Structures are given as C-alpha cells and as structure tokens.
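User: I have a protein model open on my screen and would like to understand the words used for it. Could you take me through them?
Analyst: Happy to, let's start with a helix.

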Amino acid sequence: VARIHFGGNAYTVHEGSTVLEVLEREGHTVPSSCRSGVCQSCLVRATKGTPPAAAQAGLKDTLIAQGYFLACRAEPGEDLEIISAADSGLGTTATVAGVRPLSARVVEVALRPEPDFAYWPGQFVTLINPEGVARSYSLASVPAHDEHLLLQVAVLPGGVMSGWLTAPETLGTRVQVQGPHGNCFYVPGAPGQPLFLLGTGTGLAPLQAIARDALHQGHTGEIHLFHGALTEEGLYQVDELRAVEAAHGNFHYHPGVLRGPAPAGIHEGKIDEHALATVPSLAGHRVFLCGAPELVRPMQRKAFLAGASMQAIFADPFVPAAAPVTPESCA
Ligand code: FES
C-alpha cells in the first residue's frame, strides 16, 4: 500500500483512491474542478517518488520533468512526497479589476495579470480563489487589443465561483492563476485558410478571441463564427460581433437559438445543422469547437465527415466542474 507525504503528515492510499481523494479525506483543500484529468487545476508536484504516468498525460514536458502530476488521476503505486502547485511556485496571480454584464446570465470579468503573463487568445486558465475554489475559463481577450485578461462567466444560481467573482467585495482581490493551457488558438502562417468556429453558451469566449486575433493578424480567408444558445436570452455580444462583421468582409457571424421565437437575423433550430448547411464542406478548413460537451463531441465527428482533417479540428476540452468527494463518502 502506497503512502503520500504531504505537509508533514503521511497518509495511506487505499486501492482505487486518488491522491486528490486522499488529501480531501484528510481535510486538505486542494484546487480541483473537472476531476477527470482535463482542467489541470489539481496539479501537485512530487518532490520524492515517481508519479504514475497516467497522471501526467497531457502535461507539458517541462512540468513532467519537474514531477508535476494531476492529483485527480493519480493512484500511486509507490510512496510519494508531494507539495501543492502554489507552494512549488507554479502559476501566477491576477487581480479582479472589473465586472460588467454582457447579458442577463453572462458577465465579463476583467483580471489584471502580472506583467510577464503571456497567452494565446482562446487558451484557458484556471482561477483559484482564496477559499481554494478552482474553475477554468477561456480567455476572450486579445493582448494586442486588451490590457486585461477578459473572461466570460455564466452566472449560475448557487455557482460558487461565479457568485464569488461577481460579489462587490471581490473587486481588487488577488486570485491564483494556473495556465494558460490548451491548444485552441490561432496560429499564423496560413492567412488564406478558411476558419470554421462553432460554440454554445460561454464557449463564445475563445471563439471570439480566436476570430479577433486572426483578423488582427491579417487573416484573409473566410471566417464563419456560429454561436448557439437555447433562447435569445442566451446570446450576447451580438452587436459587437455584428460590428466586426461590418468592418471585415471575410468575417461572418451566425447567431442561433434552439427555441424561438427568433428575431430577424437570428437562426432558429440546431446550430450545428445550421452551420453545416451554411458551410457544407469543411475540406481545408481549420475548425474550432467550444461549449457543451454534448455539442462538441458529436460535432468533431461531423466536421471530420464534412471533410476537415482530424489535425485541423481543435476542441475546447472543458468539462463541467464536478462535486468534490466528501470525507464521509470516501471513508
Ligand atoms: S484535472 Fe484534476 S481536477 Fe481537473
């Protein structure tokens, strides 16, 4: 039976338990969100022992070489001595600099990062607030245009992080930032290649960033951005995106709602079907898909069947935050 050494204590890891579950069972607060190896918010570092390879899948080589691993995926086969990512100096901090509503359900949160923070528009970061709550958000900002990191945050009833971010007393607070992570961003070098961007809900954030970045970098190929919502209330940034469309002849914005009534200029029906009816062949396209997993996963296949090469399909890896395992349920 393996043991983990953390904060001066040693804990037994029973078969089938992860490092994250053990630390939570022992009363430690470890940032976590998806609990399935995607968001990277549960990064910890082994200072002694070798973490299981499965817990390092998808991490950058530089992190692997330093012993970082994902606590939610680690069922260690040997003793490990570990420290938190924050204690090991990984990540940076940012200050909550402003919050403004984009719609009845979505707010834009502006964060002032440390001066050396670099990212590609469309990548995502994990925020960890002073209570240890972690959530991942895509960056809607473009460094060339925006001084701050801009997040589009869905305000959910009872949402722990969205409630905290939008509380007036949070303004000016520092948060820990891990990342940026992810491969959903614009890479220059093929300015004429058509781009196909499709997303739902706050999946608009990375798509908007990628489109703005592409245009900023002089992209000349056609850019189609499809944004779907359940009802009209779920659409936001409509005027801003129409203004971008008016300013750039190669940018086409297609908002859609699943349930009507849809006002003029807004499609009613399934956004993926509308997108593939509008752009039936995706041969030669670069495809970006972001939003609800039940849209993104089947759409990856549909995009492939419509002619996009697998290497040219980029999908936002987000999965919803999962509830932590309570000490009672692990015992
Ligand atoms: S990767 Fe471990 S909580 Fe998301």
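**What the words rest on**

Analyst: In α4, the buried residues are L204, A205, P206, L207, Q208, A209, I210, A211, D213, A214 and L215. This is a predicted model, where local features need pLDDT of at least 70, side-chain atom pairs count only at pLDDT 80 or more, and totals for chains, interfaces and linings use all residues. Residues are numbered from 1 along each chain as its sequence is written, and side-chain values use heavy atoms, with hydrogens and water left out.

User: What makes α4 mostly covered?
Analyst: Buried means under 20% relative accessible area, with exposed over 50% and partly exposed in between (1.4 Å probe, protein chains only). In α4, 11 of its 13 residues are buried. Across the protein, 50% of the 331 residues count as buried.

User: How do you know what span is expected for α4?
Analyst: The expected span of a helix is 1.5 Å times one less than its number of residues. Helix α4 (residues 204-216) has 13 residues and reaches 18 Å from its first C-alpha to its last, close to the 18 Å expected. Just after α4, G218 has a positive phi of about 85°.

User: Why does the radius of gyration agree with a compact globule?
Analyst: The radius is taken over C-alpha atoms, and the globule rule is 2.2 Å times the number of residues to the power 0.38. For 331 residues a compact globule would have a radius near 20 Å, and the protein has 21 Å, so the two agree. Its C-alpha atoms fill a box of roughly 60 × 45 × 40 Å along the principal axes.

How values were computed: Helix = DSSP H or I, 4+ residues; strand = E, 2+ residues; numbered from the N terminus.
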